[in-house]
Amino acid sequence: MASRLARLARRPVAALLFIRSSRPVRQFSHQIFPVGSDHVNLTRPLGNLLPNASPYQRWSRLFSSDGGESADAVVPFMGESITDGTLATFLKKPGDRVEQDEPIAQIETDKVTIDVQSPLSGVIEKLTASEGDTVTPGTKIAVISKSDAPASDTHVAPSEEKSEKESIPKKPLEEKPVKVEPPKVEKPKPVAPTPPKTSPTDPQLPPKDRERRVPMPRLRKRVATRLKDSQNTFALLTTFNEVDMTNLMKLRSEYKDEFQKKHGVKLGLMSGFVKGAVTALQNQPVVNAVIDGDDIIYRDYVDISIAVGTPKGLVVPVLRNVENMGFADIEKKINELATKATQGTISIDEMAGGTFTISNGGVYGSLLSTPIINPPQSAILGMHSIVPRPMVVDGSIVSRPMMYLALTYDHRLIDGREAVFFLRRIKDVVEDPRRLLLDI
């Protein structure tokens, strides 16, 4: 090394040795004199160029790749009532190219699934969290780099590596003593115990390898908790009735083409039941009320929740101020919210509140059920499948499309009389939709 420094002192400095670093720097650790400068004679000995420098001191600068700017992808605000969530899945992996505001991960909460978006366009440099982790708003889950290539590691000039290797003295090889292993003595093999004989009366359990255990999703946990709280809190009681769907189905069949042409949405049966529920809630306002401690809160508005089954669980988006909506507005809003719920893009605000719930188990073929109240509401209407059944009409037996209706209500607040009148009102409106026009 000393001889190399001596050779350098007799020639102009042609290159600078440098070491690497992971961040850029604007000032060097030593004073650098550019080649051709009037302030220094490059033919001077190296000791004069580097005063107070040891014979082994090197020139250095910090190194970083071009475009080293990066940003952190963090968990966004998830809602006022949500404090944490589970990192369900990463949509991207390290090295993938992402655009600004493109989803890179999904957070599963008690109510909805929230996307974590990329703060800038670039490449995912690394992931700082794992799937299944519990995260809170502001938690860093990934680093996004503007550069298309990952940051380079530390670089060392080849001449420097060679000089360092030459300066390290080689240690003589030491002879390792040969280990003499004692002869192995074979131990007697243990005899396997005989499995106990089972009697014919003992239950035959399936083997564990035919079972699998998976963590319960947060949404399913929340649904399970709320439904159990509903059973433990409310005095649940269900009353039933049946409705003849002939006239409502005939109305839809006659005007469905004109309705879709004018409003751009298909005319379904759900809007008829929603309008019927609005008039029934206005006639029986106690069904639209709720118990709050020692008080009863009566609502002078109607927000109806529509239960929607999704692959991740049950969600209940809300139709706001339904008393002011027509058939077309109801059908459009139901389609919009159902699509969002199925795609997992529905927001928390679109599911908050609600004064009454309608659940249509008929789309899955349910003939009859007893729905459970969605807290903090006081009643829920269950619709079911339409089945042709023999009915007596004007003294004759005819086939009619019939549907069973079920109303589950909180018997602490609602008496049987109000519940029966409520369900009867829906039956009358659905069987004769002209009542809505005449308000009778």
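The protein chain holds nine helices and 19 strands, where helices (H or I, at least four residues) and strands (E, at least two) are DSSP runs numbered from the N terminus. The model is a predicted one, in which local features need pLDDT of at least 70 and side-chain atom pairs count only at pLDDT 80 or more, while totals for chains, interfaces and linings use all residues. Residues are numbered from 1 along each chain as its sequence is written, and side-chain values use heavy atoms, with hydrogens and water left out.

Two overall figures describe the chain. Of its 440 residues, 34% count as buried; buried means under 20% relative accessible area, exposed over 50%, and partly exposed in between, with a 1.4 Å probe and protein chains only. Among contacts (heavy atoms within 4.5 Å) between residues at least 6 apart in sequence, 67% join residues at least 24 apart.

Two open sheets may be taken in turn. Strands of a sheet pair through backbone hydrogen bonds, either parallel or antiparallel. Here two strands are taken to pair if DSSP finds at least two bridges between them. Strand β1 is joined by five bridges to β8 (residues 140–145), and the two run antiparallel. Within this pair, V74 stands opposite K140 in β8.

E69 belongs to the loop between α2 (46–49) and β1. With 51% relative accessibility, E69 counts as exposed. The C-alpha atoms of E69 and K146 are separated by 5.9 Å, although the two residues are 77 apart along the chain. Not counting residues up to four places away in sequence, E69 touches I144, S145 and K146.

The other open sheet of four strands has the order β5-β4-β2-β7, again with antiparallel pairing. Its edge strands are β5 and β7 (134–135), each pairing on one side only. Strands β2 (residues 85–90) and β4 (residues 103–108) pair in the antiparallel sense over four bridges, and T86 stands opposite E108 in β4. Strand β4 is also joined to β5 (residues 113–117) by five bridges, in antiparallel fashion. In that pair E108 stands opposite T113 in β5. A hairpin of four residues leads from β4 to β5.

The loop between β3 and β4 contains D101. This residue has a positive phi of about 70° although it is not a glycine. D101 is partly exposed, with a relative accessible area of 46%.

The discussion now turns to helix packing. Two packed helices are described by the angle between their axes and the distance between the axes. The axes of α6 (residues 270–283) and α7 come within 9 Å and cross at roughly 115°; axes are lines fitted to C-alpha atoms, for helices over the stretch in contact, and angles run from 0 to 180 degrees between N-to-C directions. On the α6 side the contact is made by M270, S271, G272, V274 and K275, and on the α7 side by F327, I330, E331 and I334. By class, the contact has five nonpolar, two polar and two charged residues; Ala, Val, Leu, Ile, Met, Phe, Trp, Tyr, Cys and Pro count as nonpolar, Asp, Glu, Lys and Arg as charged, and the others, Gly among them, as polar.

E350 lies in the loop that links α7 (327–343) with β16 (356–360). At 18% relative accessibility, E350 counts as buried. The side chain of E350 reaches the backbone nitrogen of S347 at 3.1 Å. Leaving aside neighbours within four places in sequence, E350 is in contact with P317, V318, R320, L337 and K340.

P376 is found in the loop between β16 and β17 (379–383), and a cis peptide bond, with omega about 5°, joins P375 and P376. D394 has its place in the loop between β18 (387–393) and β19 (396–410). Its phi is near 55°, a positive value in a residue other than glycine. D394 is exposed, with a relative accessible area of 80%.

Note on methods:
A polar contact is a pair of N or O atoms within 3.5 Å; within protein, one must be able to donate a hydrogen and the other to accept it, and residues adjacent in sequence count only if both atoms are side-chain atoms.
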